[in-house]
Amino acid sequence: MVPVLDRPALGALAAIGRRALEGAVTAWAAVSLTFVALRLTGTDPVSNLLSQGLASPQQVEALRHRLGLDLPLLIQYLQFLARLLRGDLGISIYTNRPVLGVIAEQLPQTAALASCGLLISLAIGLGLGVAAGWDERGLGGRLAGGLAGLATAMPVALTGILAIWLVGLVGQRAGASEWMAALQRLLLPALVLGFASSGAVARVVQAGLRESLKAPYILAAISRGLSPGPRLLWHALRPALPPAISLIALEAAFLFGGTVVTETVFSRPGLGRLLISSILQGDYPIAQGLVILAAVVYTASYVVADVLSLVLDPRLRRTA
């Protein structure tokens, strides 16, 4: 018989284990769908090499045989899964380089952009959400809510173009400088990306905080003389954070999976542009490797989000 004190901890561990299992199944489904979709809807990449004059007919047939593209689809899929279990993502069709090496070259660029964008999204989203939920009827709360809605509604492409125009205008007046160039390389696209992701985070925090402030324990604390302040805000904010953390985990998976629009607008190298080029060229191994990376990040993000949610809201341990 499990002691009563140990049951919440075991329930929390079981919940995290279920989340990890669900993430693994989701990753398998995403990779499998990508494998089938690329081969059913895409063009033959080997034929593309022949049409572009990049290979002779003999080289094309040898490459098709080496990649296993002349085998039935089911056999190709089983061989792909077997290589994946060994950690082998294959060889790029166009560059003839290992997929892991190609992805590793672009990963630092996207990781830096995604990390900065996520931090900015957290700062802006939590700030706007707390301001809008804590002072809902005041001027500051209304402005924060409106700004959160604006961040959600404005496309990243439009925000990025406006940011580039504003920085260019300031640069013309202030003169070109190294800090301006550095701003355009990383901080500006991260700010645009973080602002776009902050709107949804702010809305979730605002809704959760609004419900928490109406909870019986908050009303009882106020009736007993606890004045509105940081202490009351923290007790009201803690139950509102787990849904926001789940949303942040989804945003993190999206950011680290490849920020296609932002990298395109700011002409930055990264996984997003690599994914688009690999799909257009029919470079199946590269596209599949990027989907696998996104699935792994998605699973890890949600496991971390569950752990943080259990730490912030102990009531979840009893219901896990």
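A word on ground rules. Residues are numbered from 1 along each chain as its sequence is written, and side-chain values use heavy atoms, with hydrogens and water left out. Because the model is predicted, local features need pLDDT of at least 70 and side-chain atom pairs count only at pLDDT 80 or more, while totals for chains, interfaces and linings use all residues.

Start with the whole chain. It has 15 helices and zero strands. Those are DSSP runs, numbered from the N terminus: H or I of at least four residues for helices, E of at least two for strands. Of the 320 residues, 40% count as buried. Buried means under 20% relative accessible area, with a 1.4 Å probe and protein chains only. Now contacts, meaning heavy atoms within 4.5 Å. Take those between residues at least 6 apart in sequence: 74% join residues at least 24 apart.

Next, helix pairs. Two packed helices are described by the angle between their axes and the distance between the axes. Axes are lines fitted to C-alpha atoms, for helices over the stretch in contact, and angles run from 0 to 180 degrees between N-to-C directions.

Helix α5 covers residues 99-134, and helix α6 covers 139-153. Their axes come within 7 Å and cross at roughly 135°. That makes α5 oblique to α6. The cut-offs: under 35 degrees is roughly parallel, over 145 roughly antiparallel, 65 to 115 roughly perpendicular, and the rest oblique. Which residues meet? L128, A131 and A132 in α5 meet G141, A144, G145, L147 and A148 in α6. By class, that contact has six nonpolar, two polar and no charged residues. Here Ala, Val, Leu, Ile, Met, Phe, Trp, Tyr, Cys and Pro count as nonpolar, Asp, Glu, Lys and Arg as charged, and the others, Gly among them, as polar.

α5 has another partner, helix α13, residues 271-281. These axes come within 8 Å and cross at roughly 140°. The two are therefore oblique to each other. On the α5 side we find V102, I103, Q106, L107 and T110; on the α13 side, L271, G272 and L274. The classes here are five nonpolar, three polar and no charged.

Then α9, residues 216-223, against α10. The axes come within 10 Å and cross at roughly 165°. That makes α9 roughly antiparallel to α10. Y217, I218 and I222 in α9 meet L232, H235 and A236 in α10.

Now the interior. A nonpolar core is a set of buried Ala, Val, Leu, Ile, Met, Phe, Trp, Tyr and Cys residues joined through side-chain atoms within 4.5 Å. The largest one has 25 residues, and L118, V130, V201, V205, L209, L237 and L255 touch the most other members. Helices α5, α8, α10, α11 and α14 each supply at least two residues. Which helix gives the largest share of this core? α11, with eight residues.

Look at V130. Beyond its neighbours within four places in sequence, V130 contacts D135, V205, L209, L233 and L237. Apart from this core lies another, of 14 residues, including F35, L89, V102 and V291.

Last stop: G133, in helix α5. Is G133 buried or exposed? Buried, with a relative accessible area of 4%. Leaving aside neighbours within four places, G133 contacts Q206, L209 and L213. G133 and R203 sit 70 residues apart in sequence and 8.9 Å apart in space, C-alpha to C-alpha.

Technical notes:
Buried means under 20% relative accessible area, exposed over 50%, partly exposed in between (1.4 Å probe, protein chains only).
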